[in-house]
Amino acid sequence: MTTNTLFDLAFALAAPFWALLILAPGWRWTDGIAASPLPMVPVLAVYLALAVPVFPQLWAAVSQPGLAGFQELLRLGGGAGAIWAQVIAWDLFLGQWMYREARELGIHPLVMGPLLVLTVLLSPIGVLLFLGIRAGVRRRPRLTTGGRCVPQPGSPDAPPASAATAAGHHR
């Protein structure tokens with residue numbers, strides 16, 4: 001397989017999983033897939049296929065980081081492709097984590113969909129926005145079925161996990 005084909009394949013392998021997270025958040029299979037590390041494995045295999053041939057240059061760039069070393073690595077097709085595949089795998093890992101956190105905290109899929117798209121395209125911005133939303137949601141009290149206000153799990157006002165379990169509240 002050519003370097004160009006592997007480069008293109010990295011995102012093509014991740015795209016179906018992104019589509020599930022964004023377009024099918026209520027589907028029961030999506031939750032299981034989002035909890036699994038397996039969606040990253042094919043992308044990491046592409047990474048290895050691209051990284052192994054340029055390993056000496058890759059090792060030089062990461063063991064003594066400097067802009068010139070990374071620029072040299074990126075001049076190599078396999079080097080640029082390896083970095084691309086690594087970014088794709090990392091972004092997918094972040095997207096899966098964000099999806100699971102949002103489901104646990106009750107963040108609506110219409111909020112998460114655009115945020116996950118932004119994460120696919122510009123992950124640092126998407127993750128920062130998600131962390132801000134997550135912090136706000138964790139501080140917000142939620143109503144229980146009995147009508148009582150209970151802090152979100154993990155918020156500063158939430159009881160310790162053992163106290164919440166003893167009181168009959170489960171995460």
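In which helix is the place of L50? In the predicted model, L50 is placed in helix α3, the element for which confidence is highest, with a mean pLDDT of 97. The residue counts as buried because its relative accessibility is 3%, which falls under the 20% limit. Apart from neighbours within four places in sequence, the contacts of L50 are with T3, L6, F7, G78, G81 and A82.

The protein as a whole comprises 9 helices and 2 strands. Read from the N terminus, the order of elements is α-α-α-α-α-α-α-α-β-β-α. Of the 171 residues, 33% are buried. Among contacts with a separation of 6 or more, 58% are made by residues 24 or more positions apart.

The mean pLDDT of the protein is 88, and a value of 70 or more is reached by 82% of the residues. Whereas helix α3 (residues 41-51) has the highest confidence, the lowest is found in helix α9 (residues 161-166), with a mean of 50. The pLDDT is below 50 over residues 163-171, a stretch that has 9 contacts in the model beyond near neighbours in sequence.

The interior was examined next. In soluble globular proteins, nonpolar side chains tend to be buried together. The largest nonpolar core of the model contains 34 residues, and those with the most contacts inside it are W18, M98, I107, M112 and F130. Two or more residues are given to this core by each of α1 (3-23), α3, α4 (55-63), α6, α7 and α8. Helix α6 supplies the largest share, 10 residues. For I107, the contacts that remain when neighbours within four places are set aside are with A102, M112, F130, I133 and V137.

Helix α8 (residues 123-139) was considered in detail. Its 17 residues should span 24 Å at 1.5 Å a residue, and the distance of 24 Å between its end C-alpha atoms agrees with this expectation. The buried residues of α8 are S123, G126, V127, F130, R134, V137 and R138. Viewed down the helix axis, these buried residues fall within an arc of 95°, so they line one face of α8. An α-helix has 3.6 residues a turn, so residues three or four places apart point the same way. The buried residues of α8 pack against α6 (77-105) and α7 (109-121). P124, L128 and R139 are exposed on the other side of α8.

Within α8, R134 counts as buried because its relative accessibility is 18%. Its side chain forms a polar contact with that of E101, at 2.6 Å. Leaving aside neighbours within four places in sequence, R134 is in contact with W97 and L105 as well as with E101.

Helix α7 contains T119, which is buried at a relative accessibility of 0%. Not counting residues up to four places away in sequence, T119 touches W18, D91, M98, G126 and V127. Of these contacts, W18 and M98 are listed among the core residues with the most contacts inside the core, while G126 and V127 belong to the buried residues of α8.

Two further positions are partly exposed. H108 lies in the loop between α6 and α7 and has a relative accessible area of 47%, so it is classed as partly exposed. Although H108 and P25 are 83 residues apart in sequence, the distance between their C-alpha atoms is 9.6 Å. Q57, found in helix α4, is likewise partly exposed, with a relative accessibility of 34%. Not counting residues up to four places away in sequence, Q57 touches L73 and L76. The C-alpha atoms of Q57 and E72 are separated by 8.0 Å, with the two residues 15 positions apart along the chain.

Terms used
Residues numbered from 1 in each chain as written. Predicted model: local features only at pLDDT ≥ 70, side-chain atom pairs only at ≥ 80, totals over all residues. Heavy atoms only, no water. Helix = DSSP H or I, 4+ residues; strand = E, 2+ residues; numbered from the N terminus. Expected span 1.5 Å × (residues − 1). Buried < 20%, exposed > 50% of the residue type's maximum accessible area, 1.4 Å probe, protein only. Arc of directions from axis to C-beta. Contact = heavy atoms within 4.5 Å. pLDDT = per-residue confidence, 0-100. Core = buried A, V, L, I, M, F, W, Y, C linked by side-chain atoms within 4.5 Å. Polar contact = N/O pair within 3.5 Å; in protein donor to acceptor, adjacent residues only side chain to side chain.
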